[in-house]
Amino acid sequence: MTPPAGSLLSAEQLRKAYGPTAALDGAEFSIHPGEVVAVMGPSGSGKSTLLHCLAGIVTPDSGTITYNGHELSAMSDSQRSALRRSDFGFVFQFGQLVPELTCVENVALPLRLNGGSRKEAERAALTWMERLEVDDLRKKRPSEVSGGQGQRVAVARSLVTNPRVLFADEPTGALDSLNGERVMELLTDAARSTNAAVVLVTHEARVAAYSDREVVVRDGKSRDMERAV
Amino acid sequence: MNVRQWAADLMLGVRFAFTGGREGWTRAVLTAVGVGLGVALLLLTTALPSALTVRHEREAARSDITFSGEVIPKADNTLVVARVDTDFREDDVRGRALEPEGPRAPLPPGVEKFPGTGEMVVSPALKELLESDAGALLRERLPDRIVGTIGESGLIGSAELAFYQGAEGLASHIETNQGRMERIDRFGDPEPVSERSDPVLLLLILVVFVVLLMPVAIFIATAVRFGGEQRDRRLAALRLVGSDSRMTRRIAAGEALAGSVLGLVFGTLFFLAGRQLAGTAEIFRVSVFPSYLNPSPLLALLVAVAVPAAAVLVTLFALRGVVIEPLGVVRSGRQRRRRLWWRLLLPVAGLAMLYPMIGNGRDNGDFNQYLVTGGVVLLLVGVTALLPWIVEAVVSRLGSGGVAWQLAVRRLQLSSGTAARMVNGIAVAVAGAIALQMLFAGVDSDYTRSTGKDVSRAQMEVTLPEEAPLEASAQKLRDTKGVQAVYDFSEGYLGDRATDAEWGTDLTVGDCAALRQIANLPSCRDGDVFAVHGAKWDTSLDDGNLAEPGRKLYLDPAYEGSPEKPDTPWTVPQDLKSAKPRSGLLDDEFDQSGFLMTPKAMPDTFASGLQGRAYLKIDRSVADVQDHVRNTAAGIGLLTDTVTWSEMERTDRYDVVRTGLFVGAACVLALIGASLLVSQLEQLRERRKLLSALVAFGTRRRTLSLSVLWQTAIPIVLGLLLASVVGLTLGAVLLKMTGTPVGVDWAGVLSMTGIGAAVVLVVTLCSLPPLLRLMRPEGLRTE
């Protein structure tokens, strides 16, 4: 089966089971450059597993994932890690910032992991922190900033490598609605400005509203939804 | 506040320790295992004095050869006992030949019935050895039928090799074998002499105990803090539902109490298991029976009270810098900079306690036990107090390097106390061990002495019983596998009178080749007699003018009180030749003096008054060569004595202390390694989600592994540096106390720090597989 024309990342017939539980059962997915796709579904439906498979974090039991013409499942673990460093960005529900590092060091971390010098990495990090309006937090540690601020630092970290795909797993799940909306605005604006595709896992309709398209995952199967305009 | 409320809070804490599902149980069991290991070691330590006492008592109860010199008359309650010890490979085998002289002859402890001639009773360990293939060579030497085993009361260790064999005709040899054979009417010394304890040895034992127990105490303090972060979160939740800060502290104390009480139970079980295991093990030739290891009740009670109390205190102390608020935990520790002054006070106070004993030396040196123990404890506690300050001071100045380095340094900056606590135990153990190494190396010459033996020409000496023919025996030894040369002599003593001789000298009979090994001969033919002039060791030949040709001398002169015997005169020949001394076959210092005689020159009357002796050059590359020789020797006669010479020998007590140190240090380091691993794994588990997230955005596993290594390596390097400084200082002070010149045993310092570093490396390596597992993406799953 060939991936949909023009898609940057696509998945076909994905199956993944954790023990006796089937998390994915023939799920399909595709996304184009610059597109924001919301993956929705109830708790335990398999949406996070789908995201992890798409990002090459988890290997599916069967099915194919194609990124930019290359089959992800055929890559070795180190190749997938390298891909995640260079082409993908991540935002998680609780930010998952390294508590020992300052905010600017956290944002600079992906660049440093790519071999960049500390100075250059932190300069680029600061630029992104300015865009996400958290540059004043650069010397603070994650424990010294609020949840919303921390999440914006995490978004800056996810974008600092100019990824082609940004994976966001419940990025506003731990935030109040005001903060959540601000984070989503910043995230989608920044992604669109760099033409990055965004895979947005959420179960909140108001968060999904920031997307161009919605995919619903239920019992491990996915279905494209028509956006009601 | 009433007692009821207190009890309720403590009980709530106890419940928390065991609830919380699998994780709660795991944490409680980890703590209990940690505390249990420490308690087991403490109980073992409290049991050691009793074990040593029992060993000593059993040894005393079976003592037989008393070297009294008196021969009691034969009676129906007497027994003739001969010492027929032997060696097998590196092991000593205690052997006695027994000849009961009447129905009331005393039985040795642990023996139910006298073995008859051709029979023997053996220790269980010897029985096992003799019945195994490994003991085949020894079985050749001890072919008697085994008719029973020696009971526990007759042995000083479960692995001791010992036998009693039946014999006959021993009585007639008592006079000529004093010190090896005796007629006795009881076993055991009725008037045991208690040795005055050597102050240096006492000092060594005290320091060994302190050095081994200190890290155990630190380990227990670390173990009760397992799961600390989770506990703090739980306490915050309690604050939310109305618990005040004092209540939360009491609840925390209850949790610690539960872990440590369970630890006491575990510790007792570990100890009992270890006690049984100890009965099957032999470490550095020391074995014990399980029944020997009984902790003193008072000390055991002290352990039972002190461990839970310490656990509660440590927990409350750890909570000192933590403010538990309803909405979370705030650690105030970070704001307070560690102060140096009181941390320095501890080692300084320790040195001050040791100072009065400097120069006490070993002559008058009864060291004050309390000052020694107190001083060493304070110095070592000083390590635990100084290390957090040093780690904090150093890591705050460390710059950032690669990502792994940066992650590690930042983590250390954020929680330098945790890092220091993790390596405290190792630092203390290494500091103590360095000091002990120095002390051992310094006093080594006292306890290890050169035998003065030159083992290049001969390595074994065989003394033949009087009835054994020398030539035939020497030939048997020559024919033995692995024997390269045999120098055999008949030795006796010549006096200037038949009784109560004023001057006397040695007589050595041997062929020219053998005589050349002990003196420089001008020329030699069978029939020649030589006088060795100018010997350093014994000058009576020249002083007593004994070598004057024509002078009449007497072989084996009688002395007042000894039984009468016929005179054996000999006249110094006219053609007496002169020989120059040469260093002995086995002894550089000893040079043979007196007369040397070739076989043809020896009068026939001399045959019965001489003692046969052979020196053997052996090929050590031949497997079990020494045991082949011992087998041949045993075949020559029951009382044939075989000695293998080496260049150095140590006193047994020194060996025991040294053994104690090595065994203890190994146990302590293993224990600390285990605690390090548990803490490490706990920290990793708490960071599971973060680790998975880092891997998700492409962090190499190598980077995270390296970061874990740096996190352990930086504090351990600092800890080992501090340990070296404190260890060297303590070692120098201890040496000064014993009046020994201070010298640094660098090999000891390096080996101890190396072992400490190796423990950390092993722990890091062991934590890598779980780290890699924790880095799996499953950590990101929330459902």
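**View 1. The bridge between A:V165 and A:A197 in the predicted model.** In this predicted model, A:V165 has A:A197 of β8(A) as its bridge partner. The two strands concerned are β7 (residues 165–169) and β8 (residues 197–201) of chain A, which run parallel and are joined by 5 bridges.

**View 2. Helix α1 of chain A against the sheet.** Helix α1 of chain A, residues 47–54, packs on the sheet and touches β3 (36–40), β7, β8, β9 (213–218) and β10 of chain A. The direction of this helix makes about 150° with that of β8(A).

**View 3. The open sheet of chain A, with its 6 strands.** The strand order is β6-β7-β8-β3-β9-β10, and the pairing is mixed. At the edges stand β6 (88–91) and β10 (221–225) of chain A; each has a single partner strand, so one side of each is left without a neighbour in the sheet. On average, neighbouring strands of this sheet are turned by 20° against each other, direction ignored.

View 4. Residues up to four places away in sequence not counted, B:L771 touches B:L684, B:L704, B:S705 and B:V708.

**View 5. The pair B:L771 and B:S705.** These two residues lie 66 residues apart along the chain, and their C-alpha atoms are separated by 7.5 Å. B:S705 is also one of the residues that B:L771 touches.

Key: Residues are numbered from 1 along each chain as its sequence is written. Chains are lettered from A and ligands numbered from 1 in the order in which they are written. This is a predicted model: local features need pLDDT of at least 70, side-chain atom pairs count only at pLDDT 80 or more; totals for chains, interfaces and linings use all residues. Two strands pair if DSSP finds at least two bridges between them. Helices (H or I, at least four residues) and strands (E, at least two) are DSSP runs, numbered from the N terminus. Axes are lines fitted to C-alpha atoms, for helices over the stretch in contact, and angles run from 0 to 180 degrees between N-to-C directions. Two residues are in contact if their C-beta atoms, placed from the backbone, lie within 7 Å.
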